[in-house]
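Subject: Structure handover

Hello,

Here is the structure we talked about. Please load it before reading on; my notes follow below.

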Amino acid sequence: MKVTKADLRLYAITDRQWLGGKDFYMVVEQVLKNGATFLQLREKNATHEQRVEEAKKIKQIAAKYHVPFVVNDDIWAAKEAGADGVHIGQSDMDYEQARKILGPDKIIGMTAKTVEQAVQAEKLGADYIGVGAVFHTTTKQDAKDMSRETLAAITKSVSIPIVAIGGITYDNMDSLKDTGVAGVSVISAIFAKEDEGAAAAALRKKADTLFGAARSLIFDMDGTLLDSMPYWRRLAREYATKKGAVLPPDFDEKTYTMDLNECSDYFIKELGIAGNRENMQKEVLEMIREHYKKDIRMKPGMKELIEREYQNGSRMCIFTTSEKACAKAALERLGVLSCFEKIYTVYDIGVNKRNPESYLKICEQMNFVPEDTIVYEDVLHAVESAKKAGCRVTAVYDADSAHLWEKIKQQADETICF
Ligand SMILES: Cc1ncc(COP(=O)(O)OP(=O)(O)O)c(N)n1
Ligand SMILES: Cc1nc(C(=O)O)sc1CCOP(=O)(O)O
Ligand SMILES: [Mg+2]
């Protein structure tokens with residue numbers, strides 16, 4: 001995922017002809033500082049050498065704001081300056097040649113005016129598509145106007161992110177909502193304004209509301225993201241049986257809500273298993289770690305949900321009662337680890353999930369507002385705590401909590417049931 005939908009929310013394209021006497025680089029910095037999420041150097045009248053020099057300077061400014069930076073048309077300038085990539089149109093250098101020059105890791109954005117061109121761009125391997133002109137523009141004299149229907153048909157035909165371009169202003173961008181675009185790409189709506197930073201900030205704010213605002217999300221791991229509860233259930237039994245203990249009828253019910261410390265204490269004090277917390281946890285963790293590394297699967301639809309939220313720019317963390325190494329191993333194997341900013345365990349928070357304080361601590365550390373945070377959970381006691389902390393809760397059905405599902409549903413704001 002080189003370019004996400006969130007990257008394309010506000011795509012600024014430079015045009016120094018509007019700037020009068022203003023310093024080009026200072027203006028670019030203001031635009032990035034005020035919320036542009038992507039930057040293209042498009043200087044049609046510059047020489048190749050001038051473009052390389054400008055691109056080298058802009059690359060540094062863009063890197064400071066962690067904003068992807070591409071050069072328009074001039075693939076060699078992008079290569080020489082070490083830009084993040086290029087944007088090419090239908091009459092520029094062809095995709096294969098550009099990819100050969102830039103290598104597999106650089107961004108190549110393409111222009112498409114029809115469904116056929118968009119499908120072909122995706123097939124070739126383009127990282128995103130610019131589609132326009134969605135409104136009439138005088139900035140690019142040869143740009144032809146496109147209907148909203150054609151734009152919507154194009155966004156439906158591909159799965160790579162699409163940015164709308166052409167004549168977009170603060171006032172007309174509302175009509176692009178629900179067309180499937182990830183964001184807007186503008187020249188004059190930023191660079192023709194007296195205060196380019198203020199223009200970028202206003203466009204960004206509106207683009208966030210129109211094209212999917214990022215959300216603050218806390219995910220439980222076991223039973224919510226991963227179908228791991230059967231492994232844990234088997235593990236406690238497996239371990240206790242291996243140690244020769246006689247299991248009471250309420251064994252499953254008792255061990256269900258325990259963390260590792262509580263479980264070891266229960267084994268020692270109530271089942272009479274010899275050992276101490278440390279050794280027991282070591283043995284048990286070694287058994288379960290193998291499953292996280294090798295075979296625990298994701299619950300249906302969860303990978304798609306995480307990737308969608310990541311694309312939208314949502315901020316996400318994990319809050320788990322399991323060991324951090326287990327979470328990392330499974331999420332890495334399943335290809336979603338990089339979508340999460342942090343993995344928190346009840347052990348590093350120092351409070352378990354029966355206490356609402358745990359969710360407040362996570363919110364504080366992530367800089368989330370509890371009322372604007374959604375907690376994904378599958379067990380009743382955690383759902384109750386998250387609600388008490390003031391968070392919204394999406395309850396995820398898990399067979400292990402089937403007997404409590406009605407109660408969970410009553411507490412939760414939303415439910416996911418497969
Ligand atoms: C984001 C984005 N979309 C479309 C274009 C237009 O590219 P192209 O058709 O090659 O026209 P020029 O910009 O080169 O005149 C773009 N530059 N950026
Ligand atoms: C560079 C470009 N490409 C277009 C296309 O339709 O492909 S329209 C365009 C110009 C965009 O400038 P403004 O935001 O000032 O209208
Ligand atoms: Mg071009």
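**Annotated residues and ligands**

Leu41 sits in strand 2, which covers residues 38–41. Keep in mind that this is a predicted model.

Is Leu41 buried or exposed? Leu41 is buried, because its relative accessibility is 0% and the cut-off for buried is under 20%. Beyond its neighbours within four places in sequence, Leu41 is in contact with Thr14, Phe24, Arg51, Glu54, Ala55, Ile58, Phe69, Val70, Val71 and Asn72.

Arg42 lies in the loop between strand 2 and helix 2 (48–64). Its relative accessible area is 12%, so Arg42 is buried as well. Leaving out residues up to four places away in sequence, Arg42 touches Ile13, Thr14, Asp15, Asn72, Lys140 and Ile187.

Both residues carry an annotation. UniProt, in an unreviewed entry, puts the feature "binding site" at Gln40, Leu41, Arg42, Glu43, Lys44, Asn72, Thr111 and Lys140. Which of these residues are included in the lining of the largest pocket? Gln40, Arg42, Lys44, Asn72, Thr111 and Lys140 are.

**The aspartates**

The unreviewed UniProt entry also lists Asp73 and Asp92 under "binding site". They are spread over 20 residues of sequence, yet they cluster in space, with a largest C-alpha distance of 6.2 Å. The lining of the largest pocket includes Asp73 and Asp92.

Asp73 is in the loop between strand 3 (69–72) and helix 3 (75–81). With a relative accessible area of 22%, Asp73 counts as partly exposed. Asp73 touches Lys44, His87, Ile88 and Asp92, not counting residues up to four places away in sequence. The side chains of Asp73 and Lys44 are joined by a polar contact of 2.5 Å.

Asp92 is in the loop between strand 4 (85–88) and helix 4 (95–102). Asp92 is partly exposed, at 28% relative accessibility. Its side chain reaches the backbone nitrogen of Gly89 at 2.5 Å.

**Ligand 1**

There are 16 residues around ligand 1. Which come nearest? Arg42, Lys44, Asp92, Thr111 and Lys140 do.

Some polar distances to check:

- Asp92: an N or O atom in the side chain is 2.9 Å from an oxygen atom of ligand 1.
- Asp73: a polar side-chain atom lies 3.0 Å from an oxygen atom of ligand 1.
- Gly89: a backbone N or O atom lies 3.2 Å from an oxygen atom of ligand 1.

Taken alone, ligand 1 exposes 430 Å², and the protein buries 91% of that.

**Ligand 2**

Ligand 2 has 15 residues around it. Lys113, Thr137, Thr139, Gly167 and Ser188 come nearest.

The polar distances here:

- Thr139: a polar side-chain atom lies 2.6 Å from an oxygen atom of ligand 2.
- Gly167: a polar backbone atom is 2.7 Å from an oxygen atom of ligand 2.
- Ala133: a backbone N or O atom lies 3.1 Å from an oxygen atom of ligand 2.

How much of ligand 2 does the protein bury? Taken alone, ligand 2 exposes 420 Å², and 96% of that is buried by the protein.

Best wishes

Notes
Residues are numbered from 1 along each chain as its sequence is written. Chains are lettered from A and ligands numbered from 1 in the order in which they are written. This is a predicted model: local features need pLDDT of at least 70, side-chain atom pairs count only at pLDDT 80 or more; totals for chains, interfaces and linings use all residues. Side-chain values use heavy atoms; hydrogens and water are left out. UniProt positions are given in the numbering used here, feature names are shortened, and annotations may be inferred rather than shown by experiment. On a 1 Å grid over the protein atoms alone, a cavity is a set of points where a 1.4 Å probe fits but cannot get out, and a pocket is an open set with protein on both sides within 12 Å along at least five of seven lines; lining residues have an atom within 4 Å of a point. Helices (H or I, at least four residues) and strands (E, at least two) are DSSP runs, numbered from the N terminus. Buried means under 20% relative accessible area, exposed over 50%, partly exposed in between (1.4 Å probe, protein chains only). Contact means heavy atoms within 4.5 Å. A residue is near a molecule or strand if one of its heavy atoms lies within 4 Å of it. A polar contact is a pair of N or O atoms within 3.5 Å; within protein, one must be able to donate a hydrogen and the other to accept it, and residues adjacent in sequence count only if both atoms are side-chain atoms. Accessible areas come from the Shrake-Rupley method with a 1.4 Å probe; for residues, only the protein chains shown count as cover.
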